[in-house]
Amino acid sequence: MNIYANGNGRGKTGMEFEANSYSELELDYFKENPETASAFKSNRKDERKFNLKQTLQSIHKVASRIAPLAQYLAPITANMIVNALPGARRNFNPLTAQLLYPLLRKGDRDSRQKEAEFFGIYEADIEIANTGIAHEAALTEVLAAEASHTESESEATALIGTALPITFRVMDGRQLLRPVLPMLLVATARLVRFLHRHSRDSRRLLRLVPTILRRTVASLLAARRWGCPMTSALVGGVVAAQTKWVLGNSQLVYQSITRNALIRFSTVAAAKRTPSGYRRSFQRDFF
């Protein structure tokens, strides 16, 4: 991954990298004309702030359009996921239902802590930590972004499937990998295929899958600590409930879409030479 580390334990964002990148000719000119250099840097800083504002407004426009769709699809996808796992609905009992809410709350808290550690506190000011595990977390977001753009359903499924074992690593859930991964692969593949087939707008909801997976793994880790067996009913119930939770929460949809888009452009799609070029690149690629 092309993460721009700045040596202090945090990474530079793509917009910071872009605003601070100058050619050798520009640097030589600045050395000979320090007053011009100061004014030029100030103007570029102002332009970068303006572009960030425009970018966030564009993301908000998209999120505002797809949030109602996400809320509509939330219960449909939840039922579909439970039905995808053999025996999940048949073995779903009142005890499993009682466990779901505290598991959802625990998964939400733990995943938010991890996301703050990896990407910073504010989703609109992404700063990827200069650690291998944070880079892997960013990779899952990039894979989901690429899945939302591809026209191939099988390619989208493969990209999200690649992100799943990485999510176990970043959430310290390796001990769950063997008993849970096969069931999660089935449920995730069904979710990806449904969102990819439904409409072009629903494909953008694939950017939310890393958020769903982090919360799912965190909830399953909590269930394991509480001594719960990893049955198909529990795994299916947790995946379905976390999917419904994320898709049904418009604020969480906006936060996750914003984080995903900015992570992709601070890693893979950074390095446009001018702020105006950055804005055109963002709009062409995201929309």
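Trainee: Which residues have the most contacts inside the largest nonpolar core?

Mentor: Keep in mind that this is a predicted model. Its largest nonpolar core takes in 76 residues. Inside that core, the ones with the most contacts are Phe119, Phe168, Val180, Leu184, Leu205 and Leu220.

Trainee: Take Val180 then; what is it in contact with, leaving aside neighbours within four places in sequence?

Mentor: Val180 is one of the residues with the most contacts in the core. Contact here means heavy atoms within 4.5 Å. With the sequence neighbours set aside, Val180 touches Phe168, Leu220, Met230 and Val235.

Trainee: You mentioned H11. How many of its residues are buried?

Mentor: H11 runs over residues 250–267 and spans 26 Å, close to what's expected at 1.5 Å a residue. Buried means under 20% relative accessible area. By that cut-off H11 is mostly covered, and of its 18 residues the buried ones number 15.

Trainee: Which residue caps the N-terminal end of H11?

Mentor: Look for a side-chain oxygen 3.0 Å from the backbone nitrogen of Gln251. That oxygen belongs to the capping residue, Asn249.

Trainee: Zooming out, what percentage of the protein chain is buried?

Mentor: The chain has 12 helices and two strands, with the strands leading in the β-β-α-α-α-α-α-α-α-α-α-α-α-α pattern. Out of 287 residues, the buried part is 52%.

Methods. Residues are numbered from 1 along each chain as its sequence is written. This is a predicted model: local features need pLDDT of at least 70, side-chain atom pairs count only at pLDDT 80 or more; totals for chains, interfaces and linings use all residues. Side-chain values use heavy atoms; hydrogens and water are left out. Helices (H or I, at least four residues) and strands (E, at least two) are DSSP runs, numbered from the N terminus. The expected span of a helix is 1.5 Å times one less than its number of residues. Buried means under 20% relative accessible area, exposed over 50%, partly exposed in between (1.4 Å probe, protein chains only). A polar contact is a pair of N or O atoms within 3.5 Å; within protein, one must be able to donate a hydrogen and the other to accept it, and residues adjacent in sequence count only if both atoms are side-chain atoms. A nonpolar core is a set of buried Ala, Val, Leu, Ile, Met, Phe, Trp, Tyr and Cys residues joined through side-chain atoms within 4.5 Å.
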